[in-house]
Every structure is written in C-alpha cells, then in structure tokens.
Amino acid sequence: MDHRRGGRGGRHHRNRRGGRGGRFRHQPYNSRGPRRGRGGHSSNRFGGSGPTQLDPETILVRQVASFISRAGELKNLKPAANAEMRPVESTTANNINDLTPVLCAQDKVEMLCKFQAPETPAKPIDKAGKLGHLVVSCAAGLPLQTPCYAALTLSIHEQLKGGPYQGFAKRCVDYAMRNIGRDLDVILLLGKEKAQASCRAKLLLRYLAILGKIGVVRSFESEASADPNKMTVFDLLCLMVDLAKAAGEQHKNMAAASVLVFLVLSTLPYIVGSVPPGAISEKLLSPIESFLQAYKSTYAPGVGMTAVLLKEEQAEEDDADEDDDEEEDDDDEDTSGQVCDSLQDLFRSCKNLGQNGQSTRFCLPIDAPWKGLLRPNPENAAEIQQTTFSEEAYYLSLPECHTIAHLMQGDSQFKLECFNLEGIVFGRLPIFGSPPDPEDEEDMEEEAAKTEQFKAYEKGFGLMDRYFVAETIRDCLISHESSVTDTGLEHGGAKTAAEELMSVSEVFSGVNPAFGFEFAILENILALIAQASEVSALRQTYLSRVLLELVRLDPGRFSSALASGLGNLFNDYMPALVPSARENLSRWFCFHLANTEYQWPTAFWKIYESYAIKTTASSRGAFVRRALNLMAENESNPTHIISRCFSESKGLTNELVGRTRHAVEAYPADCPMDSLEKELRSRIWDKEEDPSLLGEFLMGDEVASKANGGSWFRTEVLIRVLMEPAKQAKEAMVASLEPSGDDEDKMDEGEGAAKDFQVTISEALIRYKQVLMGAINKDAEANGGGHEDAAISGGAMLLKQMESFASFHSGLLEGIVACLVRQKIVGFFSVLKWALSDTGDAPVTDVVSRWSRYATSAVRERVVAMDEESNPAGMTIDSATAATDEAFCGQVMTMLFQGLQYAIKRVVALLSTSTEKKLNPLQVELLQGMKDLTSGSKSILITYLQQGKGTRKGVLPDDIEKAFVQLNLSGPALAQLCEGQQPAVVLLRKSLESS
C-alpha cells in the first residue's frame, strides 16, 4: 500500500470530483440566497444566458450573484502585466473590468440598482438595492475576497455616476454599517450566532477600512468629530474601544468587552498606511493593552476551563528515565505574558506589525486590485483611463444599534447577554512547533529528517505570518460551514470549505507560497479538532469532513503531511494534551481511517503497538486504544481492520475490544446464586415473564433464604441477566478476531448475536424497570442506614455491574447509562458515585474513563425529568400550580449545586493522595473531568432555562448568571470547596475560580 496516495474515500465519493459545491451562495443578510448559476463563456466570462423557465428577475439575480461571488476567486490566476501588482490583484482587476459593464447594462441596471430613498421607511435591503445587497453580502461572507468587493464597489459607483442610480458606494457603506450594528446586537444582546456574526462584522469592518484606502470613505482626521454622522473609520474603531471599556468597567462583562476588542484588532492591519502609526498606538493599542492585562484566557494551560494543554506533561512510565531536574518552576510563576489563545496572538501580531523591522507575508490588507481598474473616458469613449473615486470621501454614520446605545447611554431596557467567547477566540496548539532559531544547534541537527515542503512552511512563515494563516483558515471554515435557509436552500459544506482552503496560500506573498502550505492548513484544522466540544461553533464532524475532502482533492500533498501532523501530535504533544483533546483526536482518526479504507503507513502501526499493548497508564497508549475501540464499534466486520491496518502488528488485534476495569466472574457451578441466575435468565429471555410475577419471585423470602449472595445480590444478579445480550455480543466479537479457517462463518454468527443488542437491552430495562427498582430498594433495606443513601449506593453498584458487561463498546455503555437515568432506575448521584469509583473499592486506582461525559449526560436527563415533573405533557396546569421560571431555575440549580458539591469533594479527596507536582494520569482524568463537568452542566442549564416550556417563558442569560452567584454555583464559590494545598488541588481551585 502506498500511503502517499491517500484515501479513496467511501464508494459514493469515488470518481466524483464535482464542482465548487455552491460555495458562493452566501447571502448572510437574506434567507433567500440565490443558487449558483453558470453562464455561457465568451470573451467576457461574466456574460451568457441562463435558464428561461423561471421568473426573469429571479433568474437575473441568481446569475448576478454567481458572477459577483466569482469575481475575486483565487483560481486560474494569470501573470500581472503591471510589475507592481501581484497576479491576484491583476486577475481580480480584469474580472471587475469585465463584470462592471454587464452589471450596469441597460437591460439589467433598473432591476438591479433601483433603490428606496434613505429617508423612506423601507427595509434596509430595499434602500441598498439588490446589487448593493449582493456586493455587501459577498464582502461579509467571502473572507479571501475583501479587497475585490471594495474595488467592485468603486467600479460600479463610477459606472453609474451621473445616472438615476448614482451614489452606489454610499448605499453600500450605509448598508454595511447597518449590518455591523445588527451583528453586534446578535452577539452581545442575544448571545447567539457568535462565530458567524462576529466573522461577518469583522469582514465588513475590513471592507470599510479598504474603502478608506481607496478614498471612498474617510479613514482618518486629526480632529475627531463629535457628530455621530461624521465619523471616520478610525473614529469608529476608537468608539468600539470606548464601548469595550464601558462593557468591562461599568457592566462587568469581560466577554462582551473582549468581542469588541477582537473586532478592533482584526481591523487594525487594514488601516495601517492610511492612519498615522502614532494615532493607532495611542488611541487603539495602548488602551487595548491595558484591557488585556486583566484578561484571563480560558485556554491557559492547566488552569483554563477550555485549555487544550496541561500545565506540564503528565507523569508516565514512558518518560520515567528522563531528567526532571529542570522541572523546578514555581506553581505561582507569572504566566501573564503567555500567549494561549487567538486574541492574545492577534494583539501580539498587531503590536509587532511594522515595528522593529518586522513584516508579514500576509497580503490581504495591502492588495489593491483597484489600481488595475479601467473605464472609458466619459469625454472621449475611445480613451481608456484608470478608475478612481471622483467624489469627496464619505463620512460614516453611526448605525441604529441597541448595543451601542446601551453602552453609550446606559439604556436600561437592554442587557448584555454575551458571557463567553466560544466561536470568536480559539486556543493555540502549534503542532509543528515555532519557527526555527538559526542559532539553535538542536534545531539545525533535525533539518535532515524534514521534507522540503515542511521546511518551506517552517522557515517561510514566522510567528506573525502563522497568526494570519490561522485566522484566515478559521474565517473560511466559519463562512463556508454548511447551513440550510428557511426555504431549504443549502449553503456551504465540507467540500466547499476544503476548496476554499486550497486557495488561502494565494493571499501570501513569495515565490510559490502554496509549496508546503498543506502543513499550515493541517496544523490549524487538527488544532481545532482537538479543542472542539459539543457546543463548539466549528463542530468536530464538520472539521473531520473538511480534512477528508482535502485529502481527496490532493492526496499527494495532504496524505503524507497528515501522517506527519499526527506523528508530531503523538510524539511531542500527547502527554501534554487534556483528555478531551485526546478523545477528539481518537474520534477523528477513526473517522478518517474508516473513510479512506484504513490506509495509513504500516510503520506507524508498529510504533502505536508498542504503546497500546502496555498495561500501565499512558496517554499515547490510551489514544491508540480508543481509536481502535471506535473503529471496531463502527465496523460490521472488525477482521477487515486487521487485514487492512495492522496485519504486521498483531498485538493490536486484542485492543480492538475495549478493556474492562472490573472483570465479571461467573458464579460457582450449582451454587445458589448460579441457580438463581439461570432461573432469572429463563424467566426473562426464554419465557418473557410478566414483570409483576418476576418481581414477586425475586422479592420473595424463599429467594432471600436460599441465595446468600451478598448485600446487593438481587440487584447484582438481575442486571447480570438483563445484560446477557451484551455478554453474547462481546463473546462473538472476541471470537471473530481469533484466527481461523472459517472467519466468514464466525462473523456471520457474531453479527447475528450482536444485532440490535442495545435496543434489546434497553427494551428489557424498560419492561422490567419496576423489578429492578424494587431490587435496589429491597437490597437497600437489607443494608440498613439511610434508605435514600443506600438506594444511591445500590444504583452505583448496579452501574458498576453493568459497566463490566458493556465497557467493550462505549456507545452501548453510554446508551444504557442514559436509559437507566431517563427511566429513573438510577439517579444523578448514583451516576456520580459510580463514575468516581465511590463504590467501596479501596484503594482507588482508576475511575470510569471519560467519567465527566456520563455525569454531564445524567445532569441533562435529570433537568429534563424535573421539567416534565413541573410541566407534564398533555396536562392542563393552572398558573397557580405551574412552575415559574424563578422556581424551576432554583430547583435545577439546587440539584446541580448538590451534585457538584459531592463531585468536587470526591475529586479533591482522590487528588489529595499524591503530593507530587507532576500529575499522574488518574489525577489528570479527575481534574480535567471536574472542569468539563462544571462547564458542561452549566451550559446545559443555560441552554435549557433560556428555551422555556409550557408556562415558563425562559430566563435571560444575565439572570441565569446572577442566579449562579446567588445559589453558590459561581466559579469562586465552587473553588472554595477545594480544601487542601496539594499541587493538584491548588490547580483545580485556580481552574474553578474562572469557571
């Protein structure tokens, strides 16, 4: 197998390269986005006719949308005739020169350019006109083409000058300002669509900044105007800095302030050259630097709630021989200068831009396609002249924006509802390391092992370049993520995003910037996959599909680079990654292999085997085993994996089946418990006995007198029997992996035994729910003590028994736990006790893998159950008895506080068993799991309480945050529960303080 060829993908993707997938159907300010059209190709590629069976106006708008969206695409670039212009600029200018006469032709101009006067009560889109709307929408939705749409605005404006539709640029500017205001309201007052809305606002601010360079709007005036209708671009950015200061100091909302700071900094590179450096430093950078001194990144290694990296690598047997003499750092070392996330990285890049001789290859802020715009001389049609803005530059008018009014004037009818930076700020994970230091001998010694492509990326892109690479890639991923409009029209998608990413290298200068650029793309996508969560704006599945499409588009470049990227992660980062990041990478690896027919370098599997077969805790081994488990779970015939993946690494075969923490031992033959198990198996699976009869039998005195099976014998034996299908499925799977001459027949048997076993078990649990609950209660009575506490312990024991049968298949285990909680067979506290190994075992050497995932799921199920109890479906409840928002909020938060209180104290007790500074794998699992449970459960409550149900109308995020403080669920309140000075406990306390 030649791994350099990459994967062929699934059968539905073979021999189908397809087109651009409609990537230019982006209409962020109109749900009725036009479809991608194709005109005929003539000397002017924007000409041509389209289908005739639809409404002529609809056809025209769709064609125009297609033409406009393709005007600045970075493909089929031709060498520039003008030596001062890059091929991108020259090609874009030629496209605009061809497109403008088509858009302004007599047969189209009225339909496209008619508009309503600004003073009329018309919709903003009608005031801008269809053509203005399309141009601004493309500027807001296509990150690589911002200079193109600024130049197109200029070209159309000059073409329409002197006619009934003159003033096109002014309409575009006003429409852009209006949309910036609307997106600020969406982010800060609604707390929704933060990734998409912030990306749109950022691109439109850049659009205005470039119009300032052209001379369409005013960039800067030495005397700032107090008139909100006479603002320059610089005045607008200064206003946003003032708004950020108000949000942080007066409203105590650092997240909202950070959003505004982010938008200003993202625009700053585009005003360099048109605004004096001193003004930028004094009015923008200095106050932002002061603000960032109080900024605490949630991605700070070890302590940040969304951190991707641990504070230092976890202690593993693999590195026991390494010299740890250097690990003497103080726990309280100053990390304020550490660049942990994209906001800090952005500020560093903006501050260094143009200072100390530093420069960047990033050309998007300085590309000037308008320099190549040409048009006939109005006074002499035979003469061609350069297109320039022939009017006085416009001022910006402050848009109608509730956020601005609220922060400037303190309008009390609005509240800031933005409390996190998800989708706006991202963590840094430089998988391929920092640019090499020429004076570092160790770096130079490693040069021989690197490919020429990797050297081109490593040496050719400095820290500042890499920030702009990362930001541009994220913008493309956000802008081209798949979405469906109200009319059912799909926008974007994985293939569309992948094709756009292939063009990102063109916005960087240098000879052949695409050479080695695949490493830049892969580094950033893998970093985003590692930090993805259930609430991420960039979903893990979407990112995995984009990566897959990149390999399919150019397997020669991306296959080997991808193997190199995972190799770096495996060798250099795995012990330092938080467990959730490792889990994400295992899931991606499984997905990628399954969709590329398991093509991966054989040599890598041999390396993986040496870690996976170890019995000691190892992050690298855990990554490989988890990927193998997922592969086996998603493959109908696991033997295919062996033959295709690791035929020469047979030790991995046994790891396809998930390891079990607690082995299930069979009862001694013919003992009372063995007889009881056989009797129950016959009654449940053979005779399908009525639950009431089975309950009478199991709770009877005869069974109690004969069984003598321990304190929880009824619960234990009943769950063993109910999990019989899982036992059979595991046995069939193990048997299918054993080498034999009749593998096909054994797999057929295995498939039959395993078919729908999760459904079968769930149905049995529901059918015999009352029997199982009765067994727990009966055993709890026999154990004495508080009945409620005993029942909780009984539920934990049940889950422990169930885990022994289901742990070979993580999907089954998650499904059964969810079923047990949903049916109220076990409760939230039982799940916590089981997940944290609080079932009487001593000493505790491990906890349930991914324990916080089960605990968070139990929180969700408990909240749903409490809501159903307060608002039963199908029942009429008067207002006097229905749960109010305030009452329900108090109930669920009290439940959550009690659960988190127990979990934190249990985790602290387990963390306190070691005083070593370097965390061991168990401590890492506990600490990071506690952070995930805290943030995940709070997110569930916020989402659920906002929605409302029945008589409840929903609670605003601001009121939810206040309730967190009142009911001791705030970060500082939870941190006070962490008593102790052991290094791991101190780290947990610091983490929770910022939650």
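## The chain as a whole

The chain has an accessible surface of about 42500 Å², and 48% of that surface belongs to carbon and sulfur atoms. Accessible areas come from the Shrake-Rupley method with a 1.4 Å probe, and for residues only the protein chains shown count as cover. This is a predicted model, in which local features need pLDDT of at least 70 and side-chain atom pairs count only at pLDDT 80 or more, while totals for chains, interfaces and linings use all residues. Residues are numbered from 1 along each chain as its sequence is written, and side-chain values use heavy atoms, with hydrogens and water left out.

There are 40 helices and four strands in the chain. Helices (H or I, at least four residues) and strands (E, at least two) are DSSP runs, numbered from the N terminus. Of the 995 residues, 55% count as buried; buried means under 20% relative accessible area, exposed over 50%, and partly exposed in between (1.4 Å probe, protein chains only). Among contacts (heavy atoms within 4.5 Å) between residues at least 6 apart in sequence, 76% join residues at least 24 apart.

## Confidence

The mean pLDDT of the chain is 85, and 86% of the residues reach 70 or more. pLDDT is the predictor's confidence in each residue, from 0 to 100. Confidence is lowest in helix α29 (residues 743-754), with a mean of 44, and highest in helix α7 (residues 194-214), with 97.

Over residues 1-26 pLDDT stays under 50, and the model has 74 contacts beyond four places in sequence for this stretch. Residues 30-43 also have pLDDT below 50, with 36 contacts in the model beyond near neighbours in sequence. Where pLDDT is low, the predicted coordinates should not be read in detail.

## Two helix pairs

Two packed helices are described by the angle between their axes and the distance between the axes. Axes are lines fitted to C-alpha atoms, for helices over the stretch in contact, and angles run from 0 to 180 degrees between N-to-C directions. Angles under 35 degrees count as roughly parallel, over 145 as roughly antiparallel, 65 to 115 as roughly perpendicular and the rest as oblique.

Helix α36 (residues 885-911) packs with α40 at an angle of about 150°, and their axes are 9 Å apart; the two are therefore roughly antiparallel. Ile 904, Val 907, Val 908 and Leu 911 of α36 meet Ala 984, Val 985, Leu 988 and Leu 992 of α40. By class, this contact of α36 with α40 has eight nonpolar, no polar and no charged residues. Here Ala, Val, Leu, Ile, Met, Phe, Trp, Tyr, Cys and Pro count as nonpolar, Asp, Glu, Lys and Arg as charged, and the others, Gly among them, as polar. Lys 990 is also found in α40 (residues 983-993) and counts as partly exposed, at 30% relative accessibility.

Helix α21 (residues 602-612) and helix α22 (residues 619-633) have axes that come within 8 Å and cross at roughly 110°. That makes α21 roughly perpendicular to α22. Trp 605, Tyr 608, Tyr 611 and Ala 612 of α21 make the contact with Arg 620, Gly 621, Val 624, Arg 625, Leu 628 and Met 631 of α22. The contact of α21 with α22 divides into seven nonpolar, one polar and two charged residues.

## Covered helices

Helix α11 (residues 342-352) is mostly covered, with eight of its 11 residues buried. Among them are Leu 343, Leu 346, Phe 347 and Cys 350. The buried residues of α11 pack against α9 (254-267), α10 (277-292) and α15 (463-479).

Helix α34 (residues 828-835) is largely enclosed by the rest of the structure, because seven of its eight residues are buried. Lys 833 and Trp 834 are among the buried residues of α34. In the loop between α33 (810-822) and α34 lies Ile 825, which counts as buried at 7% relative accessibility. Beyond its neighbours within four places in sequence, Ile 825 is in contact with Leu 765, Lys 769, Leu 772, Met 773, Ile 776 and Leu 820.

## Positive phi in loops

Most residues other than glycine have a negative phi, and most peptide bonds are trans. Asn 76 is not a glycine, yet has a positive phi of about 55°. Asn 76 is found in the loop between α1 (56-70) and α2 (87-103) and counts as exposed, at 62% relative accessibility.

Asn 512 has a positive phi near 50° and is found in the loop between α16 (494-501) and α17 (517-531). With a relative accessible area of 48%, Asn 512 is partly exposed.
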